Amino acid sequence: MSKSIASLCPQRVWENFYALTQIARPSCHADNALEYIKEYAESLGLKAYRDEVGNTIVKVPATPGMENRVGVILQGHADMVPQKNADKKHDFEKDPIETVIDGDWVRANGTTLGADNGMGVAAAMAVLSDSSVVHGPLEILVTIDEETSMAGASGLKKGELDGKILLNLDSETEGELYIGCAGGLDVNAKFHYSEVETAEEDIAVKVSLSGLRGGHSGMDIALGRANANKLLFRFLKYAAANYEAMLSEVHGGNMRNAIPRESWAVLTIDSEDKEDFMEAVEEFEDMFRAEYSGTEPGLSFSAEVVDAPKVVMDEMSADDLINAVHGCANGVISMSSEMEGLVETSSNLAIVDTKEGITEVKFLVRSSIDTAKEDIASSIESVFRLAGAEVEMSGDYPGWKPNPKSAIVGIVGESYKKLYGKEALIRAVHAGLECGIMVGTYPQWDMISFGPTIEHPHSPDERVNIKSVERFWELLKDVLKSIPCEK
């Protein structure tokens with residue numbers, strides 16, 4: 001470990017976090033991390049195992065004198081979102097994350113950091129090894145695939161855990177306590193297209209949109225950032241109408257819960273239109289930069305001549321695809337009328353991908369109101385069905401209804417005020433927390449979510465504030481000490 005990381009406080013938390021950054025753990029490929037956590041607990045003499053779906057569970061006896069306290073579960077997820085800058089060579093299934101101390105923050109070198117949710121998991125691990133932490137009966141639950149399918153939370157069996165209080169350590173603003181979250185629903189559209197031969201007089205041009213900031217499709221959806229897929233298809237509609245451009249392939253985004261940062265397409269145009277077309281790309285770049293001058297300083301839209309493909313997408317299929325993507329709902333749909341500043345419903349046009357006669361378009365719709373979530377998903381379905389696509393819904397998970405009067409909210413709030421002399425803010429979050437799923441299996445749980453300050457998760461700009469980690473750790477220790485006795 002570098003000296004700069006080793007010197008950070010609290011040292012046990014940062015040591016554990018560093019260890020996690022050295023284990024490749026993108027969603028669906030986090031087994032090594034889950035095994036590492038299990039073996040770490042076993043090395044301390046604790047009972048640890050993997051459940052039926054692959055979650056790691058650790059059973060921790062109470063410290064002396066705390067045996068009669070209410071049982072607590074510390075919960076986080078092992079997987080991270082794999083995003084990198086275009087010029088960064090990094091294999092998320094093999095390579096460790098390169099951590100960098102940058103003033104008051106820790107970030108990665110050109111990739112996501114994995115502080116979401118590695119920092120919460122690192123804190124739970126520190127509780128296991130720090131003998132100064134006072135606590136009642138504890139269980140640690142580290143889940144699989146939170147960032148993709150929430151399979152770990154969904155597959156958790158009734159009776160696996162004994163605790164009655166769940167502390168979810170997956171929030172991203174220190175000083176804010178989260179007591180509710182949005183639910184989500186995946187919308188998947190599929191177009192079938194025919195291939196036609198490229199005209200002899202045509203040349204091929206690859207247009208690329210890059211340099212966007214992206215981010216978490218829940219936490220960052222209200223920040224006014226551009227969606228690479230939406231901007232690219234805006235140009236594609238113009239190119240088809242003004243240059244009779246034919247579409248060969250298009251690709252954009254790679255994670256449902258990340259706002260797409262890059263998108264590109266290969267088009268064919270008449271060779272005589274080349275100069276005009278290139279000027280149009282420059283004009284669109286200027287237009288996009290002007291529209292997003294406050295949020296996307298690195299936006300780049302470029303074109304280059306490439307080898308002409310033998311075939312292109314048939315014109316009708318391309319038009320249907322372009323019109324559907326250009327016309328579909330994306331971004332913030334509505335704001336909450338009950339909680340100021342909270343996004344209520346949103347849609348993220350996350351992925352567009354062509355391959356062997358099929359174009360797939362994938363969305364993640366979120367809402368704190370299930371009926372609103374279903375309505376927006378249905379409206380997207382309508383647009384794509386009218387365009388001739390097959391559409392299916394999947395991955396539906398519920399939101400977590402806030403309960404401001406719960407006992408654990410009061411306990412954590414009191415601890416925060418005692419430690420820092422001010423009230424913590426009570427919030428709901430426009431992102432999916434596993435609490436909403438697990439409460440269906442364990443309705444008796446009293447739940448709250450809190451964590452350190454993590455900015456721009458799900459993008460290479462992700463960073464965690466160093467001082468906030470220390471405050472988060474002190475709060476966690478005080479909360480564990482303050483858990484009441486069993487009645």
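Asp478 is buried, with a relative accessible area of 6%, where buried means under 20% relative accessible area, exposed over 50% and partly exposed in between, with a 1.4 Å probe and protein chains only. The side chain of Asp478 meets that of Lys418 in a salt bridge, at 3.0 Å from N to O; a salt bridge here is a side-chain nitrogen of Lys or Arg within 4 Å of a carboxyl oxygen of Asp or Glu. Since Lys418 lies in helix H10 (residues 407–420) and Asp478 in helix H12 (residues 466–482), the pair ties together parts that are 60 residues apart in sequence. Lys418, for its part, counts as exposed at 54% relative accessibility.

This is a predicted model, in which local features need pLDDT of at least 70 and side-chain atom pairs count only at pLDDT 80 or more, while totals for chains, interfaces and linings use all residues. Residues are numbered from 1 along each chain as its sequence is written, and side-chain values use heavy atoms, with hydrogens and water left out.

## Overall form

The secondary structure of the protein comes to 12 helices and 23 strands; helices (H or I, at least four residues) and strands (E, at least two) are DSSP runs, numbered from the N terminus. Along its principal axes the C-alpha trace spans about 85 × 50 × 40 Å. The radius of gyration is 24 Å, which agrees with the value near 23 Å that a compact globule of 487 residues would have; this radius is taken over C-alpha atoms, and the globule rule is 2.2 Å times the number of residues to the power 0.38.

Of the 487 residues, 57% are buried. Among contacts between residues at least 6 apart in sequence, 79% join residues at least 24 apart, a contact being heavy atoms within 4.5 Å. The protein exposes about 20100 Å², and carbon and sulfur atoms supply 47% of this area; accessible areas come from the Shrake-Rupley method with a 1.4 Å probe, and for residues only the protein chains shown count as cover.

The protein has 45 positive and 80 negative side chains, and the centres of the two sets lie 10 Å apart. In this count Lys and Arg are positive and Asp and Glu negative, while His and the chain ends are not counted; the place of a charge is taken as NZ of Lys, CZ of Arg, CG of Asp or CD of Glu.

The structure holds 22 salt bridges. One of them joins the side chains of Lys59 and Asp162, at 3.7 Å from N to O. That pair links distant parts of the chain, 103 residues apart, with Lys59 in strand E2 (residues 56–60) and Asp162 in the loop between helix H5 (151–155) and strand E7 (165–168). Lys59 is buried, with a relative accessible area of 19%, whereas Asp162 is exposed, with a relative accessible area of 61%.

Another salt bridge brings together the side chains of Arg256 and Asp186, at 3.5 Å from N to O. Here too the pair links distant parts of the chain, 70 residues apart: Arg256 is in the loop between strand E12 (246–252) and strand E13 (263–270), and Asp186 is in strand E9 (residues 183–192). Both Arg256 and Asp186 are buried. Elsewhere, Asp31, Glu35 and Arg50 are linked in a network of salt bridges.

## Backbone details

A cis peptide bond, with omega near 0°, runs from Cys9 to Pro10, and Pro10 lies in the loop between helix H1 (3–6) and helix H2 (11–21). Asp116 and Asn117 are also joined by a cis peptide bond, with omega about 5°, and Asn117 is found in helix H4 (residues 115–129).

Asp145, a residue other than glycine, has a positive phi near 55°; Asp145 is placed in the loop between strand E6 (138–143) and H5, and counts as buried at 13% relative accessibility. His458 likewise is not a glycine and has a positive phi of about 70°. His458 is found in the loop between strand E22 (454–455) and strand E23 (463–465), and is buried with a relative accessible area of 2%.

## Surroundings of Val361

Val361 is found in strand E18 (residues 358–367) and counts as buried at 0% relative accessibility. Leaving aside neighbours within four places in sequence, Val361 is in contact with residues including Val187, Asn188, Phe191, Leu321, Val325 and Phe384. The C-alpha atoms of Val361 and Val325, which are 36 residues apart along the chain, are separated by 8.2 Å.
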